[in-house]
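Hi,

Here is the structure I said I would pass on. Please have a look at it first; my notes on what turned up follow below.

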Amino acid sequence: MENKERPVDFIREIIREDLKNDKYDGMVHTRFPPEPNGYLHIGHAKSICLNFGIAGEFNGLCNLRFDDTNPTKEEVEYVESIKRDVSWLGFDWQEREYYASDYFENLYEYAVELIKKSKAYVCDLSSDEIREYRGTLMEAGKESPYRNRSVEENLDLFERMRKGEFPDGSRTLRAKIDMKSGNINMRDPVMYRILHAEHHRTGNKWCIYPMYDYAHCFSDSIEGITHSICTLEFEDHRPLYDWFLDQLGVYHPQQIEFARLNLSHTVLSKRRLIQLVQEGNVRGWDDPRMPTLSGLRRRGYTPEAIRNFCDRIGVAKRDSTVDMALLEFCLRENLNKRSQRVMAVLKPLKLVIVNYPEGQPEEQPENQVEELDAINNPEDPSMGTRKIPFSRVLYIEQDDFREEPPKEFFRLAPGREVRLRYAYFIKCVDVIKDKNGEIIELHCTYDPATRGGDSPDRRKVKATIHWVSASHSIEAEARLYDHLFAVPSPGEDFKKDLNPKSLEILLSCQVEPYLAHAKPGDIYQFERQGYFCVDPDSSGGKLVFNRATTLRDTWAKIEKRLK
RNA sequence: UGGGGAGUCGUCCAGUGGUAGGACGGCAGACUCUGGAUCUGCUUACAGGGGUUCGAAUCCUCUCUCCCCAGCCA
């Protein structure tokens with residue numbers, strides 16, 4: 001991870017300043033605080049890279065803390081997936097795996113102290129009444145009739161809340177701040193609610209649970225966090241964050257807010273993602289079309305590509321939507337350097353080399369076969385070469401032949417010569433069609449002098465196309481993905497913006513035999529086409545590939561323009 | 001009409017009183033056994049009006065636009 005005098009973002013600037021002023025004894029301690037109520041997505045990756053990245057750069061630490069204060073929404077399945085995703089991304093929280101629920105006892109004691117200081121009270125208003133009393137954005141709220149209970153009564157009531165003497169929703173513990181504040185968060189916010197629900201870690205030990213604003217600041221404080229980095233929508237919670245800490249005079253981290261990531265052609269809100277999963281618009285949280293980390297991983301995205309992306313998008317305070325093209329660029333950039341090249345024909349068209357020797361029928365019932373050398377990765381010679389079988393009957397890509405080619409089309413056409421990658425120059429001499437007029441086979445001649453792909457007479461061809469030997473290739477399935485949404489910014493009614501063509505399945509692709517032992521998760525470049533990742537659905541010798549992304553495709557652009 | 005934020009190329013990010021720059025995208029070209037990769041060039045931006053100043057994207061001021069907040073969610 002090179003860090004060439006890249007401009008520093010405003011958060012790192014604040015931290016540098018704090019370090020200079022010795023604000024936290026030279027310490028930098030951040031945290032990534034997900035709520036385990038869903039899977040992590042690329043937006044979380046931005047936050048993970050920020051928090052862990054800063055800790056790494058400033059010789060500090062970053063905790064993984066599960067913000068699990070709402071037992072009705074949280075599950076261990078999510079805890080597990082979050083841990084898997086964070087470490088897959090390449091970050092290590094060491095032994096610092098914390099849970100807000102670990103602090104329930106401390107939090108309770110802090111609440112008792114606030115009651116004793118007359119800074120909190122038990123309120124008997126119903127949730128509807130609380131809303132009424134809260135006022136609106138324009139009008140001040142009014143004080144709860146329970147606001148001035150005695151300390152003793154509050155202490156007694158709060159203890160009985162904990163003991164389970166009251167039903168859900170009957171009472172809350174509220175902070176006593178200011179019902180007339182322009183900041184609605186300061187209008188006596190609820191600190192604790194009664195919830196007789198089983199918590200994924202504390203079981204039935206508690207029936208009162210702290211609210212985010214109350215739990216988060218103290219959790220940060222307990223862990224000795226220096227910089228509590230969160231997203232913009234918490235900006236007007238900061239006065240409350242500060243208020244709680246100040247009332248008790250405990251260690252006080254500083255909250256800093258940045259703009260969350262928005263990505264074009266997708267959605268990044270847990271509510272919407274969970275809806276897509278539950279309503280079957282995708283095949284699950286890890287559907288390769290999903291912007292979740294598990295989806296991106298299955299699709300073929302690498303941690304390096306995602307980290308690089310997070311690095312490039314920067315950190316600022318203005319709302320923005322990053323173009324999906326940048327994410328794709330980061331993937332190509334990474335995969336170009338590291339991926340094994342291979343030839344695979346997605347939409348096969350049979351091609352017979354009519355002047356190629358047929359071999360001895362008794363020993364080789366099919367054709368003569370020869371082995372040709374192919375480079376595994378032109379970007380990395382250390383990856384070596386491999387042998388690929390060549391014979392009389394091949395498959396090429398349907399798109400690589402045009403009976404009536406436009407001027408800009410360089411590939412195979414009647415009478416035209418092209419190169420078969422790493423093999424020979426061939427010339428199309430005949431086009432075979434079925435009774436419907438569909439092209440079913442091409443007859444070509446080859447030039448034996450061009451073996452390996454070079455012509456001794458320096459004659460040029462305008463195109464090189466990929467191919468596989470029909471009798472050696474392996475049948476495979478390919479899943480081609482496009483944007484999940486057809487528009488850059490899905491609207492309020494986002495499901496109507498879903499891209500109906502986000503998935504195209506090709507069942508009879510032919511791939512070179514080198515792929516016989518490919519394993520789920522392996523990523524290859526199918527030459528001239530894109531990067532493909534072996535899907536876990538591959539089984540029983542049947543390979544399934546996910547197209548992570550296409551190669552840049554100049555011809556596709558020209559073709560689009562021609563239409 | 002309350003409170004909190006934000007406005008710089010199509011997109012994202014820099015620039016913090018001294019010629020507005022980078023990346024992605026787009027366009028054009030070079031090169032090429034991937035129409036890939038690589039390389040080169042081009043394109044386009046300081047929300048608006050007033051001020052301060054020799055000089056303003058940067059400072060002051062007024063206006064406009066956009067985002068967030070009325071969960072016993074986080």
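Predicted model: local features only at pLDDT ≥ 70, side-chain atom pairs only at ≥ 80, totals over all residues.

Glu417 stands opposite Lys427 in strand S17, and this pair belongs to the antiparallel pairing of strand S16 (residues 417-420) with S17 (residues 425-433), which is made by three bridges. Strands here are DSSP E runs of at least two residues and helices are H or I runs of at least four, both numbered from the N terminus; two strands count as paired if DSSP finds at least two bridges between them. S16 and S17 form a hairpin with four residues between them, and Tyr422 in the turn has a positive phi of about 65 degrees. S17 also runs antiparallel to strand S18 (residues 439-446), joined to S18 by seven bridges, with Cys444 in S18 as the bridge partner of Cys428.

Residues are numbered from 1 along each chain as its sequence is written, chains are lettered from A and ligands numbered from 1 in the order in which they are written, and side-chain values use heavy atoms, with hydrogens and water left out.

Now to the RNA. Tyr422 comes back here: one of its backbone N or O atoms lies 3.2 Å from a base oxygen of RNA strand B. A polar backbone atom of Leu137 is 3.1 Å from a base nitrogen of RNA strand B, and a polar side-chain atom of Glu379 is 3.0 Å from a sugar or linking oxygen of RNA strand B. In total, 69 residues surround RNA strand B, the closest being Arg411, Arg419, Gly452, Gln525 and Arg528; a residue is near the strand if one of its heavy atoms lies within 4 Å of it. Of the RNA atoms within 4 Å of the protein, 63% belong to sugar or phosphate and the rest to bases. The residues of this surface divide into 25 nonpolar, 19 polar and 25 charged, where Ala, Val, Leu, Ile, Met, Phe, Trp, Tyr, Cys and Pro count as nonpolar, Asp, Glu, Lys and Arg as charged, and the others, Gly among them, as polar. Elements that each supply at least two residues to it include helix H5 (127-134), strand S6 (190-194) and helix H13 (554-562).

One has three strands in the order S1-S2-S3, with parallel pairing. Strand S1 (29-32) and strand S3 (97-99) stand at the edges with a single partner strand each, so one side of each has no neighbour in the sheet. S1 and strand S2 (residues 61-66) pair over four bridges, and Thr30 stands opposite Cys62 in S2. Helix H2 (residues 42-57) packs on this sheet and touches S1 and S2, its direction making about 160 degrees with that of S1. Contact means heavy atoms within 4.5 Å, and angles run from 0 to 180 degrees between the N-to-C directions of axes fitted to C-alpha atoms, for helices over the stretch in contact.

The other sheet has four strands in the order S4-S5-S6-S7, with antiparallel pairing. Its edge strands are S4 (120-123) and S7 (208-210), each pairing on one side only. Four bridges join S4 to strand S5 (residues 172-175), and Val122 stands opposite Leu173 in S5.

Finally, some buried spots, buried meaning under 20% relative accessible area (1.4 Å probe, protein chains only). Gly38, in the loop between S1 and H2, is buried at 1% and touches Tyr78, Ser81, Ile82 and Trp285, not counting residues up to four places away in sequence. Five of the five residues of strand S9 (residues 254-258) are buried, so S9 is largely enclosed by the rest of the structure. Strand S8 (residues 227-231) runs parallel to S9, joined by five bridges, and Ser228 has Gln255 in S9 as its bridge partner.

Happy browsing!

Methods
Polar contact = N/O pair within 3.5 Å; in protein donor to acceptor, adjacent residues only side chain to side chain. Buried < 20%, exposed > 50% of the residue type's maximum accessible area, 1.4 Å probe, protein only.
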